[in-house]
Amino acid sequence: RILTVSKQTELGTISVSNLFYAQIIRESFEQESCMGKIWAATRKGRQIGSDQKFSISEFASHIEAENSFDGAGVDLEFSVIVRFGTSIRKLTDDVCSYIAETLYEKQGRKPNQIKIHIVGVRSRQTARRSLEVIKRYAAD
C-alpha cells in the first residue's frame, strides 16, 4: 500500500507519493560516504531486496510520511540496517543532509523531521538492534 502526503491549496489538492520519498532516500544510500554501509529494511528488521537492488515500491510501503503538526513540512520515518563498525552518527547525518537538501531543491522546504530506525547491524549476519535517530529542521 503506497501512501501519500496531501495538502489542500486554493488551487486544489497536492499529493506526494511515498515513492517520491523512497527514491530520494535510496539516492542518499548511494552517496560515496554511504555506499555499502546502509540498507533499506522493514520495521521488523528484514532487509528489503539485495545489497545493490531493491524494489522502490516495496521500500515505499515501509516509509511513513505525514504532514508535520504545524503543516510547515513533512515528517519522514523509515528503517535501515547498517554495517558493523560504521559511525551511525556520521552515516545518519549524511543520509539526512542529502534528504533535506534534495527536498529543499524539489519542494522549496526542508522536512520538519527525519526519523531513522536502525533495526539491525550487519557483519557476517545481521544482529537485531533497536536504535532511533531523529533529525529536526527549523522552519525556513
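Modeller: Asp93 and Arg89 both belong to helix α3, residues 88-107, and stand four residues apart, about one turn of the helix. Helices here are DSSP runs of H or I with at least four residues, strands are runs of E with at least two, and both are numbered from the N terminus. The model is a predicted one, in which local features need pLDDT of at least 70 and side-chain atom pairs count only at pLDDT 80 or more, while totals for chains, interfaces and linings use all residues. Residues are numbered from 1 along each chain as its sequence is written, and side-chain values use heavy atoms, with hydrogens and water left out.

Biologist: What makes Asp93 and Arg89 a salt bridge?

Modeller: A salt bridge requires a side-chain nitrogen of Lys or Arg within 4 Å of a carboxyl oxygen of Asp or Glu. The closest N and O atoms of Asp93 and Arg89 are 4.0 Å apart, so the pair is counted under that definition. By this rule the protein has eight salt bridges. In general, side chains of opposite charge can pair when their charged atoms come close.

Biologist: Why is Arg89 called exposed, and why is Asp93 called partly exposed?

Modeller: Buried means under 20% relative accessible area, exposed means over 50%, and partly exposed lies in between (1.4 Å probe, protein chains only). Arg89 has 65% and is therefore exposed, whereas Asp93, at 28%, is partly exposed.

Biologist: Which residues are linked with Arg43 in a network of salt bridges?

Modeller: The network joins Arg43, Glu64 and Glu77. The side chains of Arg43 and Glu64 meet at 4.0 Å, N to O. This pair links distant parts of the chain, with Arg43 in the loop between β3 (38-41) and α2 (56-60) and Glu64 in strand β4 (residues 64-67), 21 residues apart. Arg43 also forms a salt bridge with Glu77, at 3.2 Å, N to O. Glu77 lies in strand β5 (residues 74-83), 34 residues from Arg43.

Biologist: What makes a set of residues a nonpolar core?

Modeller: The members must be buried Ala, Val, Leu, Ile, Met, Phe, Trp, Tyr or Cys residues joined through side-chain atoms within 4.5 Å. The largest such core has 32 residues, of which Phe29, Ile38, Phe59, Phe78, Val80, Val95 and Ile99 touch the most other members. At least two residues of this core come from each of α1 (18-29), β3, α2, β5, α3 and β6 (113-122). Helix α3 supplies the largest share, six residues. In soluble globular proteins, nonpolar side chains tend to be buried together.

Biologist: Why is Leu91 called buried, and which residues does Leu91 touch?

Modeller: Leu91, found in helix α3, has a relative accessible area of 2% and is therefore buried. A contact means heavy atoms within 4.5 Å. Leaving aside residues up to four places away in sequence, Leu91 touches Ser33, Cys34, Lys37, Ile38, Val82 and Thr86. Leu91 and Cys34 are 57 residues apart in sequence and 6.4 Å apart in space, C-alpha to C-alpha.
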